[in-house]
Amino acid sequence: MNTLAARRQRGVALAFILWMLAGLSLLVAGVVSLSLSDVKATGLQLDQARAEAAAAGAAHLALRDMRTAQAESGFNPRAVFTRQYRLGEAAVTVRALPIAGFVGLNQASAGLLQALFQYAGGLAAGDAEALAQSVLEQRSVQPGLDQNPDDYAETESPAPFMVVEDLLRVPGMTRSVYDRVRHAVHAQAAGGPGVDPLAAQAAVLQALAQGDPALVDFVLDRRQDDSPVDLVLPAGFNQEFMASGGSGMYSLEIDVRITEGRLLRQRIWVDMGGRSGVAPWRFTRVFPVETTTVAVGKSQ
């Protein structure tokens, strides 16, 4: 009996030790996994910091080159201006898109907004029309010049759009629709009610082409030509939503590739006119760096 009891005790002790070893193994695995996650997060933060520095430097280089090109014959102020740079280990591509290529939240008509929400935002026609009307109602009350934007920015009362994120406070706007259209719109004071197809991105062209992908590809392909100013649009584009005017406002889309397989993007709004001092331009809005897998180009 004593021998049997001793064997049982040894068995219980062995099982207890095995359970402890299994628990320690899980604990060690969790610590290792957490450490690897911290290393990856630190690496991403480091890449983002390097991308911000490279993007800022490339932005000034591109604006300098664009200003030089503006003084030369053959420069087309309506077209997208593109330059590529090598800054240390970073390969950087900068595209300067005129503001006329974006839909103005404070200027666009209900029809243009509806087309954007329907064909780029993925809404049904009725829902897109209702959302466009909500945008117009949201901006219908213009604040006085003596008012501080902070006094109404967080209220439910109508007010003009100060930033693109204000779309999220429009009744009926969802996060999914916002994410699809946020890079196709602007909340700048400059700009007009129409859109220039020579500068418009794919999402905006979808609205102009009433969702026809063949027409969108046609424009994107023809814009690669040397003289896109002579572009003749085929039937199917809504002429009511078009405009060809320009201004000194540009959106810079900057792609930074620091490591193979990781592409970081930063967007910066720039005012090119009327500033004296260190540089003849100023940044009016700098967006955070985002990780992306899509290179700047035809798909944008």
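In which strand is Ser251 found, and is Ser251 buried or exposed?

Modeller: Before we zoom in, remember that this is a predicted model: local features need a pLDDT of at least 70, side-chain atom pairs count only at pLDDT 80 or more, and totals for chains, interfaces and linings use all residues. Residues are numbered from 1 along each chain as its sequence is written, and side-chain values use heavy atoms, with hydrogens and water left out.

Now to your residue. Ser251 is found in strand E5, residues 249-259 (helices are DSSP runs of H or I with at least four residues, strands are runs of E with at least two, and both are numbered from the N terminus). Its relative accessibility is 4%, so Ser251 counts as buried (buried means under 20% relative accessible area, exposed over 50%, and partly exposed in between, using a 1.4 Å probe and protein chains only). Who are the neighbours? Leaving aside those within four places in sequence, Ser251 is in contact with Arg95, Ala96, Leu97, Phe102, Ile268 and Trp269 (contact means heavy atoms within 4.5 Å).

Let's follow one of those neighbours, Arg95. Arg95 belongs to a network of salt bridges that also links Arg175, Asp179, Arg182, Glu253, Arg267 and Glu290 (a salt bridge is a side-chain nitrogen of Lys or Arg within 4 Å of a carboxyl oxygen of Asp or Glu). Side chains of opposite charge can pair when their charged atoms come close. Inside this network you'll find Asp179 and Arg182, a pair whose closest N and O atoms are 3.6 Å apart. Both partners are partly exposed, Asp179 at 35% relative accessibility and Arg182 at 24%.

Zoom out a bit, and the count of salt bridges comes to 15. Take Asp47 and Arg262, with closest N and O atoms 2.6 Å apart. Asp47 sits in helix H1 (residues 2-70) and Arg262 in strand E6 (residues 262-271), so this bridge ties together parts that are 215 residues apart in sequence. Asp47 is buried, at 7% relative accessible area, while Arg262 is partly exposed at 27%. Another bridge joins Arg50 and Glu89, where the closest N and O atoms are 3.0 Å apart. Here H1 is tied to the loop between strand E1 (81-87) and strand E2 (90-98), because Arg50 lies in H1 and Glu89 in that loop, 39 residues apart in sequence. Arg50 is partly exposed at 32%, and Glu89 is exposed at 56%.

Next, the greasy insides. In soluble globular proteins, nonpolar side chains tend to be buried together. The largest nonpolar core has 43 residues, and Val103, Leu116, Phe117, Leu167, Met173, Leu208 and Phe237 touch the most other members (a nonpolar core is a set of buried Ala, Val, Leu, Ile, Met, Phe, Trp, Tyr and Cys residues joined through side-chain atoms within 4.5 Å). Helices H2 (110-120), H3 (125-138), H4 (175-181), H5 (202-208) and H6 (213-222) each give two or more residues to this core. There's also a second, separate core of 27 residues, which includes Ala51, Leu63, Tyr250 and Leu264.

Finally, the whole picture. The protein comes to 6 helices and 8 strands, running α-β-β-β-α-α-α-β-α-α-β-β-β-β from the N terminus on. Of its 300 residues, 39% count as buried, and Ser251 is one of the buried residues. Among contacts between residues at least 6 apart in sequence, 60% join residues at least 24 apart.
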